[in-house]
Structures are given as structure tokens and as C-alpha cells.
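The sequence and the structure are shown first, and the description follows.

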Amino acid sequence: MTATVPPKAPTFLGLPTAPRGVGHLRGDQSFPDAARGALRDGQLRANLGHATSTIRGKRARVVAELPDWAQLREAGRALKAATMARLDDHLEELERQVTARGGVVHWARDANEANEIVTRLVLATGASEVVKVKSMATQEIGLNEALEAAGLDVFETDLAELIVQLGDDQPSHILVPAIHKNRAEIREIFARTIPGVDPGLTDDPRKLAMAARTHLRERFLRARVAVSGANFAVAETGTLTVVESEGNGRMCLTLPETLITVMGIEKVVPTWRDLEVFLQLLPRSSTGERMNPYTSTWAGVTPGDGPQEFHLVLLDNGRTAVLADEVGREALHCIRCSACLNVCPVYERAGGHSYGSVYPGPIGAILSPQLTGVEDNASLPYASSLCGACYDVCPVAIDIPSILVHLRAEHVEAQQRPTAEGVAFKALARAMSNPRLWHLAQRAGKLGRLLSRGRPTLPNALPPPVSAWTRSRDLPTPPRETFVEQWTREHRGGRS
Ligand code: SF4
């Protein structure tokens, strides 16, 4: 096999958003169009409903055990806000500490630059394949595609990521990327794609896990290069942290000769004491466990023990643009626990693929449009009922509903041409500021009663432009009598 280094891609100056044409932050369809298809898939809805309600219940039980959960949550929020206020200082300290311990730090402005750096590093080792620990950042930048384009084989080792990779699919959940698949579907994928798998493989979870383990073990043992993400990086000691449940991550982090970690710049925490807070918040909010089974930490390289070459790629890809927005920057506080996905009524019905981005659910609806620029993900801030359940469960108290409204306003203000909604609200404002016009509008509105034929709402199939509203929302039938008419009648009747 001939491996080729791809040409260095151009990058941008200033506060660029994530570039187009690379990575997985933009979908091919708007959210409503993608969700329409997903809503017709009864199996998908059943799989999602079952999985999210199970995780929701577990989370609620373990969070209720802690009498000081609210204080812990506030500590997480405050630590994140303080870290973001001095992000540049913390990142420079992290670089100094990683370098002092034998690691090499690379700064990647965007997905193209990060992919180019990692590809170059892997090719320099002479390896032809790479094992990967589950990593949202590498999914975000499309690293697998970049490595494969350079002639390298890439093996995902997280069980759910493996299912997604073998099924030629896309992740649909932050924590459980294959949440949209049930056991029978996973058995079918394994039977079809894993060479030499037991032909009598059943959908027993233990049997499925054993099949994946046999498949992966050989790859772990021969891998010379691993690529990981990171949940946190402690600036004061240059320590990277990966939190996981299966132990596959630890195999990747310890067995290969070279380890390359790709991390979003917002994952840095200043001190070990800060990490203590997040290591309590994360497992309870994500898997509903008091403590996750594997927490791996490492700093630089240790002669004779573990990888002898360590590279840390610090990824921006739109994050400094998010940081520049005083309201939206809270999205960078996210610790990727996925609790907001599991409580979201929209996510539970539409599924992760409808969001078109590697970050689905409520956090995706505020993070993806900011990373790409709101016009490239304009439908996502509207993919919410603003019920506030996401805010209630978020372990770092990100005010997702307020950021959604903020992004909606940004999208509306960016419109060059007047929208039907804008025209309608302007007309409404005019009518409401003139009593005579308002009275006339109310009388005209009563004509709608003719269309309703006694039903509480108007028919969905009204002509444009009203159809833009009624296609997805109920329009109540106008009352027989307005408030003013009722008041006047009762007043005249001497009852006031
Ligand atoms: S926004 Fe909050 S609840 Fe959602 S994934 Fe991030 S940390 Fe978890």
C-alpha cells in the first residue's frame, strides 16, 4: 500500500467558523425535513424511547442520592465560566506542562489543519493503521475520512462506535453513538461484517460484546499508533483524562508506541481540584453511575512505560468564534454528558441523525450553529419546544433555552429579505398599536370560525402563507366573542 500525504489545506485568520466541505457539523437537509423521515420510522422511535427512558431513570436515581448536587452543579458552572474568561492563559500553561513532560503540542485552527497534522504524524511513524478511542472531536473534523484518504486503515474501538463504523452509519448520540440500533440490528451488522464471526451468534448482549472483543483484541495488540480524544486536560500538570466504561480506551492509551490526542480547546481545566468536581458530575449525568469504570490520566511520556511518543492537537474549529459571543459562549462549558439529549422530547422523537451534526440534541442545537455560523445550521435553534428540561438536568447549568432564543434572534436579524413571519409580525404590530385597526382585524379573524366547522383548531391545510405556520402547529379557532366584547357586554349588564 502506498501512503500519500494530502496537500496542506488553507486556513483562515481571525475568528473563523468551522470550514465547509470537511467534517460532520452540517447536514444535507434542514432539521424539519430530516425529522419528517425519522418520525415515520417506528423502530427508531421505539429504540430511542426505550434507551433514553432507561438512562433518564438511572441518572435521576443517582443524582437524588447527593444532597449537595445543586452546590456541585453551581461549582461546575462557576469553574467553567472562570476557565473560559482566561482560556488563553490556561492553554499556554497546558502547552508548557505537556512539553516539559516530553509531549509535543500542535495548534490546529480548524478541521483541515487538524486532519493534516494527525495524518502527517501517523505517516511519519510508518504505520498503516490506527486504533481510535471514542472521540467527538475527531468525528467533528472527519478525521477517519482524512486518514483513509491517505491510505490508512482506521479502527474504532469503542463498542458503540464500532457498531456505527461496521454498519457504515453515523453516530446519533453523544454517549451512545449506536443508540438508534437494537440488539437484533447489531447482531445483523456483526454477522455481516466481522470476518470469522460465530455463525450462531445471537442477540444476547454478552455474546455480542464477546464477538466485538475478539475482533478488537487482535487490533489492539498489533497497533502502533492510537488516536484519542480527551474529556479534560489539567493545565497545571499537563495531564490528559479519558473517562470511559469499557476499558478499550485504556488499551488504546497504553499499548501503542505513539499516541495522538485531538482535543477541543474548551476541555482544559486549570487544576486537579477542578477536575475533582467534574469527575463527580460527569458519570452521574451521563451513564447514571456513581463512578465510571475507567478513568485514565497521563502526562507526557514515561520512559519504558506506555506510548513513547505523545502528541496533543489543540483544536479550535470555530470555538474562539463561540467564545466571542457573550451569550452563546456558555455552550463551551459542555462536558458532553448527554443528559440533555436523554430528557429532550424533540430528540427522543426525531433521533440524532435529524440534527445533521455530530452534536445532536439540545447541546447540538446551540453548539453546531455557533461553530459553523448560524446560517449554515439555521434550522437547529428552532429544533426545540423551549420546555427547559435540558437546562434542569445540565450538570454545569448551561442555559440552553436562552441560547436557543438568542440564536433565533441572530438568524432573524441576518435575513436580507423579509420573511413571511417577519411580514406577519409587522402587520400584527401595526394593528395592535391602532385600536380601530385592531378591532377590524379581530372581526376579520372571526371569519376563521367558518373554516373550523366546530372544531377547536383550524384545519392544517390552509393556503400560503398561513400554511407555513399551520403545517407544524395548531391554530386555535377564534372565539365567538373577543375579550373586549365580553367585557363590554358584562359591564353593560351591570356585573362589573
Ligand atoms: S449541555 Fe449540559 S446536559 Fe447537555 S451534554 Fe453538555 S453538559 Fe451534558
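## A covered strand and its sheet

Strand β7 has buried residues on both faces: Thr258, Ile260, Val262 and Gly264 lie on one side, and Leu259, Thr261 and Met263 lie on the other. A residue is called buried if 20 or more other C-beta atoms lie within 10 Å of its own, exposed if 12 or fewer do, and partly exposed in between, with C-beta atoms placed from the backbone.

The model is a predicted one, in which local features need pLDDT of at least 70 and side-chain atom pairs count only at pLDDT 80 or more, while totals for chains, interfaces and linings use all residues. Residue numbers start from 1 along each chain as its sequence is written.

Strand β7 belongs to an open sheet of six strands, ordered β1-β10-β7-β4-β2-β3, with parallel pairing. Two strands are taken to pair if DSSP finds at least two bridges between them. At the edges of the sheet stand β1 (104-108) and β3 (153-156), each of which pairs on one side only. On average, neighbouring strands of this sheet are turned by 20° against each other, direction ignored. Such angles run from 0 to 180 degrees between N-to-C directions, and the axes are lines fitted to C-alpha atoms, for helices over the stretch in contact.

| Strand pair | Bridges | Facing residues |
|---|---|---|
| β7 and β10 (residues 309-315) | seven bridges | Leu259 and Phe310 |
| β4 and β7 | four bridges | Val227 and Ile260 |
| β2 (residues 129-132) and β4 (residues 225-228) | two bridges | Val131 and Ala226 |
| β2 and β3 | four bridges | Glu129 and Asp153 |

## The ligand shell

Which residues come nearest to the ligand? Of the 14 residues around it, these are Cys334, Cys337, Cys340, Ile363 and Cys394. A residue is near a molecule if its C-beta atom, placed from the backbone, lies within 6 Å of it. The shell is made up of 11 nonpolar residues, two polar residues and one charged residue. In this division Ala, Val, Leu, Ile, Met, Phe, Trp, Tyr, Cys and Pro count as nonpolar, Asp, Glu, Lys and Arg as charged, and the others, Gly among them, as polar.

## Individual residues

Most residues other than glycine have a negative phi, and most peptide bonds are trans. Ser338, which is not a glycine, has a positive phi near 80°. Ser338 sits in the loop between α13 (319-323) and α14 (339-343), and it counts as buried because it has 25 C-beta neighbours inside 10 Å.

Ala397 likewise has a positive phi, of about 55°, although it is not a glycine. Its place is the loop between α17 (389-393) and α18 (400-413). Ala397 has 19 C-beta neighbours inside 10 Å and therefore counts as partly exposed.

Thr99 lies in helix α4 (residues 87-100). With 14 C-beta neighbours inside 10 Å, Thr99 also counts as partly exposed. Thr99 and Leu312 are 213 residues apart along the chain, and their C-alpha atoms are separated by 9.6 Å.

## The whole chain

The chain contains 23 helices and 10 strands. Buried residues account for 42% of its 496 residues. Domain 1 (1-416) and domain 2 (420-492) are given by the domain assignment, whose bounds come from an automatic or database source. The centres of domain 1 and domain 2, taken over C-alpha atoms, are separated by 46 Å.

Along the principal axes, the C-alpha atoms of the chain fill a box of roughly 95 × 55 × 50 Å.
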